[in-house]
Structure formats: C-alpha cells, structure tokens
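Let's take a walk through this protein, starting with the overall layout and then zooming in on a couple of spots. Keep the structure open as you read.

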Amino acid sequence: MKKLLLLSALLIFACSGDDNNNDSSSFNLVGTWAGTITEPGYDTEGQVELVLNSDSTGTLIVIWEMDTETSSFSWSSTDTQINLNFDSEPDEPEILYYFVIDQDTMLVSEDEEGDDEFPTMYRQ
C-alpha cells in the first residue's frame, strides 16, 4: 500500500512535454533524480527523490511536510521504461515510462502513451 502511495505521489505532478525529444539511446538513467509532486486530492506539495544505482538497486524517497517515506527496489530499463521491483513486494513489479528532455531532465509516467500526468525529474 505504501509503495502504491509513493508511486502515485511520484506521478501526480503535471507537466507537458514532446515525445519527439525522447532520445534515450545515449541517455544514462544512473544517478539521483529529484522533483516536486502534489499529493492526490490535496494541495500539499512534496519532494520526491529517485536514486538509480549502477548496481541495479535504488531508493524512492518522498518527503511531505511532516513525513518521509522511503522504499528500496531493484531496477532494470529499456529505452523507454524503468522496471521497478520493490523489496516490500518483489512479485508486483511497477513500470515507469520515461521521456528524455536532455541529459539532466526527464519526464516520468505510468502511461506508455504519455496520457498520464508527468513529474519532471532533474538529475542532481
């Protein structure tokens, strides 16, 4: 349940983008990515940090006003998606689709077509 809240929170911040900029062939996902999110149904903003390590492990950290939630996972990727296997629920992988803006900026969505809302993630 917490994993679902973290993923939902990660994917709520709205932003527009152009799919034609998705030149992910030379894009390196490894690193720390951060962005601002809005809690579903509330006007509360939070910070999200997605850490993708080179050893295929990672951490998702969501910071709200009075609460910090952290989840660990293993990950793999293709040119358009990040596959997350959370340690708390390894049999229920999550897929995030990403769209490259430049080497330090990407949009992330649960929807392959990009119809979902996108948080903009910046390399730290």
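What you have here is a protein with 1 helix and 8 strands, and keep in mind that it is a predicted model. Start at the N terminus and follow the chain: the elements come in the order α-β-β-β-β-β-β-β-β. There are 124 residues in the protein, and 39% of them are buried. If you take the contacts between residues at least 6 apart in sequence, 41% of those join residues at least 24 apart.

Now for the charges. Side chains of opposite charge can pair when their charged atoms come close. The structure holds 1 salt bridge, and it is formed by arginine 123 and aspartate 104, whose closest N and O atoms sit 3.2 Å apart. The two partners are 19 residues apart: arginine 123 belongs to strand β8 (residues 120–123), while aspartate 104 lies in the loop between β6 (94–102) and β7 (105–109). Arginine 123 is partly exposed at 23% relative accessible area, and aspartate 104 is also partly exposed, at 42%.

Arginine 123 leads us to another residue, threonine 32, which touches Arg123 as well as Glu49, Leu50, Val51, Tyr122 and Gln124, leaving aside residues up to four places away in sequence. You'll find threonine 32 in strand β1 (residues 31–38). Its relative accessibility is 24%, so threonine 32 counts as partly exposed. Asparagine 53 is 21 residues from threonine 32 in sequence, yet their C-alpha atoms are 8.2 Å apart in space.

Conventions:
Residues are numbered from 1 along each chain as its sequence is written. This is a predicted model: local features need pLDDT of at least 70, side-chain atom pairs count only at pLDDT 80 or more; totals for chains, interfaces and linings use all residues. Side-chain values use heavy atoms; hydrogens and water are left out. A salt bridge is a side-chain nitrogen of Lys or Arg within 4 Å of a carboxyl oxygen of Asp or Glu. Helices (H or I, at least four residues) and strands (E, at least two) are DSSP runs, numbered from the N terminus. Buried means under 20% relative accessible area, exposed over 50%, partly exposed in between (1.4 Å probe, protein chains only). Contact means heavy atoms within 4.5 Å.
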